[in-house]
Amino acid sequence: MKAELSDIKNKTYNMDKKQLFLENVRVLSEEFEIIPVLYGSLGLEYLTGENLNADDVDILIPQIYLSEKWKCFKSILENNGYVLIDKHEHTFEKAGVHYSYASMEELETFADISANEIGIVTADGIDFRLLTLQQYLKVYTASSKDGYRKDVRNKKDTEKIALIREHLKKETFNNVSAKKNNVIINALKTAFPYTIPVFTGFTFLGISYGVLMTVSGFPAWCPILISIAVYGGSLQFAAVAMLLSAFAPVEVLAVALVVQARHLFYGITMISRYKNTGWKKFFLIFGMSDETFSINCSTEPPKDVDRPWFMLWVTLLDWAYWIGGTAIGAVIGNFITFNTEGLDFAMTAMFVVIFIEQWLKDKKHYSALIGMIASVVCLAVFGADSFLIPTMLCILFLLGIFRKPIEKAGEEA
Amino acid sequence: MIVMTNTQILISIALLTFGTMLTRFLPFIIFRENKEAPKFVQYLGNALPAAIFSMLVVYCLKNVQFLSGSHGLPEIIAILITGGLHLWKRQILLSIAGGTVVYMILVQMIF
């Protein structure tokens with residue numbers, strides 16, 4: 001109980017000190033147009049919001065008022081009720097509170113801070129200057145080397161230095177967090193436009209898939225779950241027929257591996273681009289669909305954009321579009337009454353589009369033609385169900401043989 | 001008609017997921033990033049995409065009977081429409097939607 005009372009008393013006492021300081025400044029600014037520095041512990045209290053039990057009000061004013069204009073200065077203050085009690089320290093007293101004045105210029109010699117560097121604060125319409133945390137740190141560090149202060153006030157000063165350091169840490173942390181959030185959002189803003197084509201394509205395709213699955217008899221959660229976990233359009237469409245057949249785990253796994261085998265190639269391509277991405281790497285790889293691969297593979301974001309975050313956003317957005325489209329399709333699928341035959345052609349159309357885009361990009365089309373010829377031949381030879389693996393082997397083989405011309409064409413591009 | 005039980009379906013989905021993840025993660029596991037991937041692998045990284053996309057288009061058409069029935073005409077026409085639309089406007093949604101709609105009409109009404 002007793003401790004609380006004195007605590008409140010101290011708080012209000014110190015609150016009043018700030019008010020008293022402001023009153024004092026009002027006198028100084030009216031009579032002399034001075035913008036003084038609120039110095040010492042009271043200034044530090046102001047900055048940090050901590051209660052430091054400041055004894056006096058320490059004020060810095062231009063040197064001239066402590067020398068040539070001292071007489072004038074002194075009499076103005078005395079007319080306002082301030083009594084000089086220590087000439088050497090230039091300390092006045094009013095209503096039990098001490099006001100000590102020192103020279104602003106000394107701060108420059110002492111701690112290498114000039115008056116112009118000290119920012120101006122306004123309270124109750126009154127201007128005064130206040131040091132920053134960094135500047136206070138400079139002052140206290142310098143004064144801890146000063147003989148007098150070292151002996152008498154050493155502990156207090158080291159405490160204050162520690163307090164300032166703490167507040168500085170908080171400041172930089174807040175700035176770093178703020179900066180970090182900006183980096184992430186900036187990457188998102190940059191990534192989004194690139195994903196708009198995917199948005200339209202995936203929404204349409206996703207709806208097709210969702211509808212196809214639900215009209216085939218599957219509950220809505222099923223295609224949605226598959227879209228989340230597998231996230232592979234071609235496999236998902238291919239699997240519709242499989243899921244309508246009898247349970248055949250081996251065949252399902254084999255088809256998955258064969259259809260998705262092209263991801264092996266994507267992975268090889270992206271090894272270098274996905275380097276040094278930390279925790280994001282898992283999601284980048286997991287979400288490496290054809291479209292995401294195409295964008296991340298070929299896009300160089302502007303210099304000031306964080307590349308890993310850019311690629312991650314592309315990945316996450318594409319994934320979200322796919323899931324969203326599926327969900328919509330799954331839900332409205334139950335209300336579809338018109339004939340949906342041929343809807344899965346959307347898949348083919350998508351790959352045709354991707355193919356065209358790649359063709360337009362390349363100068364020489366060796367690789368595209370190799371892929372085309374190898375696929376058609378192997379399809380004819382091995383049949384629809386088993387041509388993918390032979391095709392990929394042929395592609396590898398042919399790309400190996402034609403390496404020189406292909407690399408040359410790539411360099412000329 | 002769904003003939004599998006829910007459990008069997010879930011297992012199948014798990015296998016689909018596993019297969020996909022395997023194909024996606026394997027290169028990154030084999031070629032750990034601290035070592036540089038062999039030159040040939042790097043070259044493949046650049047040369048493969050075009051071939052892959054060609055393969056994918058063929059893959060989508062693998063079940064089309066070019067020598068009988070509709071002779072793949074709906075597919076051919078729709079692909080030409082898709083390609084044409086794309087070369088004209090370079091708008092993915094337009095190209096995909098346009099081609100698909102044409103295909104659906106052809107397949108349901110004409111062929």
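Two residues count as in contact when they have heavy atoms within 4.5 Å of each other. With that in hand, here are some close-ups of a predicted model.

**View 1. Chain B, a run of helices.** Chain B has four helices and zero strands, and its elements go α-α-α-α starting at the N terminus. Take the contacts in chain B between residues at least 6 apart in sequence: 29% of them link residues at least 24 apart. Of the 111 residues in chain B, 49% are buried. The chain shows about 5,800 Å² of accessible surface, and carbon and sulfur atoms account for 68% of that.

**View 2. The open sheet of chain A.** Seven strands line up here in the order E3-E4-E5-E2-E1-E7-E6, with mixed pairing. At the edges sit E3 (83-86) and E6, each pairing on one side only. Going from one strand to the next, the twist averages 40°.

**View 3. The hairpin of E6 and E7 in chain A.** E6 (residues 119-123) and E7 (residues 126-130) pair in the antiparallel sense, with five bridges. Look for Gly119(A), which stands opposite Leu130(A) in E7(A). Two residues lie between the strands of this hairpin, and Asp124(A) in the turn has a positive phi of about 55°.

**View 4. E4 meets E5 in chain A.** E4 (residues 91-94) and E5 (residues 97-103) are antiparallel partners over four bridges. Here Lys94(A) stands opposite Val97(A) in E5(A).

**View 5. A helix across the strands of chain A.** Helix H3 (residues 70-79) lies across E2 (57-61), E3, E4 and E5. Helix H3 runs at about 10° to E4(A).

Notes: Residues are numbered from 1 along each chain as its sequence is written. Chains are lettered from A and ligands numbered from 1 in the order in which they are written. This is a predicted model: local features need pLDDT of at least 70, side-chain atom pairs count only at pLDDT 80 or more; totals for chains, interfaces and linings use all residues. Side-chain values use heavy atoms; hydrogens and water are left out. Two strands pair if DSSP finds at least two bridges between them. Buried means under 20% relative accessible area, exposed over 50%, partly exposed in between (1.4 Å probe, protein chains only). Accessible areas come from the Shrake-Rupley method with a 1.4 Å probe; for residues, only the protein chains shown count as cover. Axes are lines fitted to C-alpha atoms, for helices over the stretch in contact, and angles run from 0 to 180 degrees between N-to-C directions.
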